[in-house]
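Take a walk through this model, one region at a time.

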Amino acid sequence: MDDFSLPKTYDPHPIEQKWYTLWENEGFFHADEQFPSEPYSIVIPPPNVTGSLHMGHALNNTLQDILVRFHRMEGKNTLWLPGTDHAGIATQYVVEKGLAKEKKTRESLGREKFIERVWQWKKEHGGIIVEQLKRLGASCDWARERFTMDEGLSQAVREVFVRLYEEGLIYRGDYIINWCPRCHTALSDLEVEYKETQGKFYFIHYPLKKGGETLIVATTRPETMLGDTAIAVNPDDERYRKLIGTEALLPLMDRVIPVIGDEYVDKSFGTGALKITPAHDPNDFEVSSRHKLPIIKVMDESGRMNKNAGPYEGLDRFACREKVLEDLNAQKLLKKVEAYVHNIGYCYRCNEAIEPFLSKQWFVKTTPLAKPAIAAVREGKTRIMPSGWEKTYFEWMENIRDWCISRQIWWGHRIPAWYCGDCGEVTVSASEPQACKNCGSKDLTQEEDVLDTWFSSALWPFSTLGWPTKTKDLQTFYPTSVLVTGFDILFFWVARMMMMGIKFMGEVPFRDVYIHALVRDAKGQKMSKSLGNVIDPLVMIEKYGTDAFRFTLAALAAQGRDIRLAEDIIEGYRHFANKIWNVARFVLLNLKNYSPDENLAAYYSLTDKWILSRASQLIQNVRNALEEYRFNESAGFLYQFVWHEFCDWYVEFSKQELSNSNAESLSRKATQQVLLEILNIILKLLHPFMPFLTEEIWQKLPGNKGSIMISPLPRKNDSLINLPAEEALEIIKEVVYHIRNIRGEMHIPPSQKIEAIIFCEDDKTKRLLENYQYYLISLAHLNNLTFSTSRQKPHAAATAIVKGVEIFIPLEGLIDFGEEEKRLKKEIAKIEKEMTFVRKKLTNEDFLSKAPREVVDKEKETHQVLLKKKKKLDESIARLQEMRNAG
């Protein structure tokens, strides 16, 4: 074996490129639908084809890859199916921006040429996110990559649409929708982002037709009054009960409108009299349906006033508001204006204020689909984790509204409906019809609208596996094992996949749904370009390597708790990667003259037995945590074991065994065997988290063949659990730790050897320490170790007591007690000065009331840290004085 098979310095980038290419070329990511072993499948939440890897993608796909690699090493037939989403509005927006630079529009190109242009854009730019996922180490089955508008998925979309339509679960009708005047499309309720906005409440006189009185109505949107068709009051409101059935004049329009009674009206809100504008408010639309009121649209699709707005025709909706208020004021019909904070809906794409708008749209009746999806979660057929999200899921599903699925754009799945030019009937078909199903006319025009992007995404778990054809993939890999996703698309996507999967497959689409949290900055703020706090995953990968970055995300991914990410944390885990590399070099350098031998257990040292026992428990802990999606716990177990048990202790112990034995010694070979075995266990358990580093090292270890990613995952070996060895080693470790601690507190350099005296009444413990005193001498860097028969404390000695063992470290001649006391007092004075400065801030009411909460919390934390430091220094001085005065 070449002693220098691992370079001295770990450089991640060439390693990452080398191994990903090999894994992909060797077909290690590919799932075989004919393979007899237990299937494990995940469908990737398809990123937008316009997308670039952001921190949310990085977390989501790292967690998926950990699961996939874990179960692949378990020997399961593992499929991670990748793909991208056509992202209707987003992609069309990007292409239209490109056209604008050429002084062209989609209208000037025409629909067919525009769609060609989008496909061309997708060909040139759509693979960026895929290449970035590969850089992250995603072990997807790229041979099965899908796109929500590829031919197979398009067929599935048409098939589902037709079946739902024929069952009466898709319909077309008048409805108040959320309309974006800028994007010119309808938005589902979920695509509207509500923001608390400072607005105004306008109190307007509506003259009654008879009697010369007025009825005062309050509104936040006076421009819509031009489309009022009634005033509503609550029938139980004594102020207005007598007016029900009378008529009023609509200001500015002089149109006669009725005063109606409806229980929807809140007597305590505004004046208790509500203007009813059916074409521009969803609640008013419902009221108008009950009272058969006329519906008057006063705006067009661009948010401009139309001819029904009379003299205001052509004005933008907000300009119209100002003009209406000006005219009302001139006619003394504006009684007063009050400040009013309310929620306004904005388009999630372009941030334009949405407009409630009456339109012909296509809808899915969701209530019949939601009921079995609710039951599936209640009955445990699908688990949502963390379980707290189940309540949110139920609340939304039990109050679900019909889903508006039509979008007024060109890029997307065009709705498979054709209108007859002769009889006006609609023909819905999975393929283009030759004639009207009603009258036989060939004068057919296809619906211009496309389907909501989420419609095709809702079919993703089964359409990607070949549905509606009964493929072997579908039979093998559906239902999928788990969906890993963010909470923000629980309703957009997860709930809809549940509804569609159960409807068309008769089975839930996934057994588990794991909902991960948000990645925030170090202060807990959401990352955004405007705040300048965005951490780019690709920059972090370039700087610290993929493995360190992935391990960071896993280590922070606690269930139900947002991740607070800072670059220095990633840097810390890069040090962890270096630690693994260096310990692997140590093991390889110490395998001279080693040959595998299965009969060395009898020669295992106490430390060999200890580390094997700890490793066996580690295996079970990591497995249990990953099976329950406790990623941070499994990462924590690994970090603790590798750094603080294997590297800090066992490697140091092993140096004694290796140096105290000759080259042919069986105890030396036993330690070599254990070093190799433990390193193999570490690499295999770490592989799902740190795939590149582990593969590179694993390939160098004697006896390993193939790839680590398809090698079997270690299993707990109960026969190796050795609690007596663990208890014994714990005593040795504690004694070494306390001697080192005294050395550190007294500022004795690590290079300077010291004396230690140990008194122990328990014979068993004493024999243990005597038998393994060479560990104590070496690891605590002692020049002399004495076992005393008396607990008499030596003169000027530091003392520690641990597990019934009294440790004395004579300090006379090692330190100058007077100088050390001066140094400690100087440090205390410095800390007291800092504490005074912090206390001034924390007692300043102006600072406490005006400074951001996180700034105040940081100062409080600083004060606590300083207090602890001072307390420790005070204790050190007291100990010094005690030692100096003793004896």
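How many cavities of 30 Å³ or more does a search of the whole structure find? The search finds 1. This is a predicted model, so local features need pLDDT of at least 70 and side-chain atom pairs count only at pLDDT 80 or more, while totals for chains, interfaces and linings use all residues. Residues are numbered from 1 along each chain as its sequence is written, and side-chain values use heavy atoms, with hydrogens and water left out.

Start with the space itself. A cavity here is a set of points on a 1 Å grid over the protein atoms alone, where a 1.4 Å probe fits but cannot get out; lining residues have an atom within 4 Å of a point. The largest cavity holds about 40 Å³. Volume means the space filled by probe spheres set on the points, with grid points joined across faces, edges and corners. Its lining consists of L59, Y514, H516, A517, A557, A558, R561 and I563. By class, that lining splits into 6 nonpolar, 1 polar and 1 charged. Ala, Val, Leu, Ile, Met, Phe, Trp, Tyr, Cys and Pro count as nonpolar; Asp, Glu, Lys and Arg count as charged; the others, Gly among them, are polar.

Next, helix α10. Helices (H or I, at least four residues) and strands (E, at least two) are DSSP runs, numbered from the N terminus. Helix α10 covers residues 367-378, 12 residues in total. Its first and last C-alpha atoms are 16 Å apart, close to the 16 Å expected at 1.5 Å a residue. That expected span is 1.5 Å times one less than the number of residues.

Which residues of α10 are buried? They are L369, A370, A373, I374, A376 and V377. Seen down the axis of α10, these buried residues fall within an arc of 155°, so they line one face of the helix. The arc is that of the directions from the helix axis to the C-beta atoms. On the other side of α10, K371 and R378 are exposed. Buried means under 20% relative accessible area, exposed over 50%, and partly exposed in between (1.4 Å probe, protein chains only). The cover over the buried residues of α10 includes β14 (355-364), β15 (383-385), α11 (388-398) and α15 (490-505). Just after α10, G380 takes a positive phi of about 80°.

Helix α22 (residues 691-700) has 8 of its 10 residues buried, so it is largely enclosed by the rest of the structure. Among the buried ones are F692, E695, E696 and W698. Elements covering the buried residues of α22 include α1 (12-25), α2 (55-73) and α21 (666-686).

Now the backbone. W467 and P468 are joined by a cis peptide bond, omega about 15°. P468 sits in the loop between α13 (460-463) and α14 (472-477). The bond from Y478 to P479 is also cis, with omega near 0°. P479 is in the loop between α14 and β22 (480-486).

Two non-glycine residues have positive phi: L252 is near 75°, and Y629 is near 60°. L252 lies in the loop between β10 (247-250) and β11 (255-261). Y629 lies in the loop between α19 (606-627) and α20 (631-659). L252 counts as buried at 16% relative accessibility; Y629 is buried at 5%.

Finish at T765, in helix α24 (residues 763-771). T765 is buried, with a relative accessible area of 9%. Leaving aside residues up to four places away in sequence, T765 touches I731, C760 and V805. Contact means heavy atoms within 4.5 Å.

Key
1 Å grid on protein atoms, 1.4 Å probe; cavity = no way out; pocket = protein on both sides within 12 Å on 5 of 7 lines; lining within 4 Å.
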